[in-house]
Amino acid sequence: MCNESRLTQTCRCGGEMTIHMHTLIYKAKVKIASVPVFMCRSCFHYEPHPAVKRDLSLVIQELGSQPQRYSFSFAERNEWASVLNDAFITFKGEDCDLEQIVQEAMSDRIDLLLDLFRIASKAADPEWMGEIESRLLMLICHTASKVS
Ligand SMILES: [Zn+2]
């Protein structure tokens with residue numbers, strides 16, 4: 001399940017949608033920070049980024065219909081959101097190339113995970129190795145979908 005990782009798309013109104021990190025409020029009680037969304041520059045319509053829709057709906061399913069007051073960062077639950085979060089810390093506005101910053105943040109994260117994987121494999125910890133592997137796969141999908 002490789003998802004699109006584009007940083008812009010066209011809105012149904014014809015406007016350009018760009019990526020933002022957004023705080024979603026669920027059922028007026030749960031604050032979910034750092035959710036990648038596409039927001040239209042013309043009509044301000046926004047929607048969760050297609051690449052995170054699946055994880056986001058899992059999170060919402062877990063919260064259920066009567067959640068407690070709670071707040072957390074979506075970046076803890078989704079590797080790509082976490083990389084984007086890093087990228088937006090570096091991103092200083094329109095004159096920076098966001099795409100390049102995202103790619104750098106992505107390759108930094110992949111390097112880090114590969115290092116961790118080596119440590120986990122030396123420690124012969126299959127559970128940890130599996131966890132790192134699934135985090136890596138999530139990112140490698142994003143990198144691969146760029147090329148195609
Ligand atoms: Zn629009």
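Does S34, at 13% relative accessibility, count as buried or exposed, and why? At 13% relative accessibility S34 counts as buried, where buried means under 20% relative accessible area, exposed over 50%, and partly exposed in between, with a 1.4 Å probe and protein chains only. Before I go on, this is a predicted model, in which local features need pLDDT of at least 70 and side-chain atom pairs count only at pLDDT 80 or more, while totals for chains, interfaces and linings use all residues. Residues are numbered from 1 along each chain as its sequence is written, and side-chain values use heavy atoms, with hydrogens and water left out.

S34 lies in strand 3, strands being DSSP runs of E with at least two residues, and helices runs of H or I with at least four, numbered from the N terminus. The phi angle of S34 is near 60°, a positive value in a residue other than glycine. A28 also has phi near 60°, but A28 sits in the loop between strand 2 and strand 3 and counts as exposed because its relative accessibility is 62%.

Let me turn to the metal. C11, C13, C40 and C43 coordinate the zinc ion through their SG atoms at 2.3 to 2.4 Å, donors being N, O and S atoms within 2.8 Å of the metal, or 3.2 Å for Na, K and Ca; water is not among the atoms, so sites may look incomplete. Along the chain these donors follow the spacing C-x1-C-x26-C-x2-C. C11, in the loop between strand 1 and strand 2, and C40, in strand 3, are 29 residues apart, and the pair links distant parts of the chain. Both C11 and C40 are buried.
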